[in-house]
Amino acid sequence: MFFQPQERLCLFIDGTSLYSASRNLGFEVDYRKLLQFFRAKSNVLRAYYYSAVLDTEEYSPLKPLTDWLVYNGYTLVTKNAREFIDHNGRRRVRGNMDVELTVDMMEMAPHIDHAVLFSGDSDFRRLLESVQRQGVRTTVVGSIKTTPPLIGDELRRQADQFIELADISANFMRRHIENRPQRNAAPPVRHPADQMSEHDED
C-alpha cells in the first residue's frame, strides 16, 4: 500500500458494499479501528459513510451503527430507502447512494490529495477518472476473494491503487462471523436493512 503521511486523504465508504464484502469474507468491521488505521497512514480530513435507511419503522437495525458513527469521527450521509416486494414475495429495501457519494467526492477533490473509496460498483469508474484529472490519487478497497467477486474489473483498473479488503481486515476486524450458506437463487448478501425478511424466515 502506498500512502503518504502528510497527504490530505478522504474516505468514502459505501455502507452497503462494505457490509456485503465483509460479511462474505466472514468478519464484522470495527469502525473505530478502521478510522485509526487510515489516520496512522495519512492526514484524514473526512470519513464519509453512506447508507439508505428506512423511516417507516420505530427501530432500524442500522440505528446503533449510524448513531455511533455520527459521534466518532464520521460524516454520515443518509436518505430514505424504498421498500418493495421481490419476485419471491419477500420484503426488500433499496436505496442507492451513488449520487450523494459522487457529489461529495467531486466537491472534496480540490481540497484533498487522495480519495479512498470503499465500493465495488463499476459505476464509480467515471468518477475516479474525473477526480484523477484534478490531481487526486485514488484507492479502491474491495474484494476479489469473495464469491462472487464484489468489485468490478473496470473500477479496479481505473483506480491508482486497489486494496484487497481481506488483506487488511485484521487491522479493523471486530469479530469473525459464520458465513451464511450460499443459495443458488438468492441475491448477494446486502446491508443489514436488507436482511429483515431473511430474519423472519429464520
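1. Glu-129 and Arg-126 lie three residues apart in helix H5 (residues 125-133), so about one helical turn separates them. Helices here are DSSP runs of H or I with at least four residues, strands are runs of E with at least two, and both are numbered from the N terminus. The two side chains form a salt bridge with an N to O distance of 3.5 Å; the term denotes a side-chain nitrogen of Lys or Arg within 4 Å of a carboxyl oxygen of Asp or Glu. Glu-129 is partly exposed, at 25% relative accessible area, and Arg-126 is partly exposed at 46%. Buried means under 20% relative accessible area, exposed over 50%, and partly exposed in between (1.4 Å probe, protein chains only).

2. The model is predicted: local features need pLDDT of at least 70 and side-chain atom pairs count only at pLDDT 80 or more, whereas totals for chains, interfaces and linings use all residues. Residues are numbered from 1 along each chain as its sequence is written, and side-chain values use heavy atoms, with hydrogens and water left out.

3. Eight salt bridges are found in a search of the whole structure. One of them joins Glu-7 to Arg-137, with the closest N and O atoms 3.0 Å apart. This pair links distant parts of the chain, 130 residues apart: Glu-7 belongs to the segment before strand S1 (8-14), and Arg-137 to strand S8 (residues 137-142). Glu-7 is buried, at 4% relative accessibility, whereas Arg-137 is partly exposed at 22%.

4. A salt bridge also connects Asp-167 and Lys-145, at 3.0 Å from N to O. Here too the partners come from distant parts of the chain, 22 residues apart, with Asp-167 in helix H7 (residues 165-168) and Lys-145 in the loop between S8 and helix H6 (153-158). Asp-167 and Lys-145 are both exposed. Elsewhere, salt bridges with shared partners join Arg-125, Arg-126, Glu-129 and Arg-133 into one network.

5. Strand S1 is mostly covered, with six of its seven residues buried. S1 pairs in the parallel sense with strand S3 (residues 43-53) over seven bridges, and Leu-11 stands opposite Ala-47 in S3. S1 also pairs in the parallel sense with strand S7 (residues 114-118), over five bridges; there, Ile-13 stands opposite Phe-118. Pairing of two strands requires at least two bridges between them, as found by DSSP. In a regular strand, side chains alternate between the two faces of the sheet.

6. The structure holds eight aromatic pairs. Rings of Phe, Tyr and Trp (its six-membered ring) pair if their centres lie within 6.5 Å; planes under 30 degrees apart are stacked, over 60 edge-to-face, and the rest tilted. Tyr-31 and Tyr-49 are edge-to-face, because their planes stand at 90°, with ring centres 5.6 Å apart. They link distant parts of the chain, as Tyr-31 is in helix H2 (residues 31-39) and Tyr-49 in strand S3, 18 residues apart. Both residues are buried.

7. Tyr-48 and Tyr-50 form a stacked pair, with 5.9 Å from centre to centre and 25° between the planes. Tyr-48 and Tyr-50 are both buried.

8. The charged end of Arg-156 sits over the ring of Phe-162, at 5.5 Å from the ring centre. The criterion is NZ of Lys or CZ of Arg within 6 Å of the ring centre and within 35 degrees of the ring normal.
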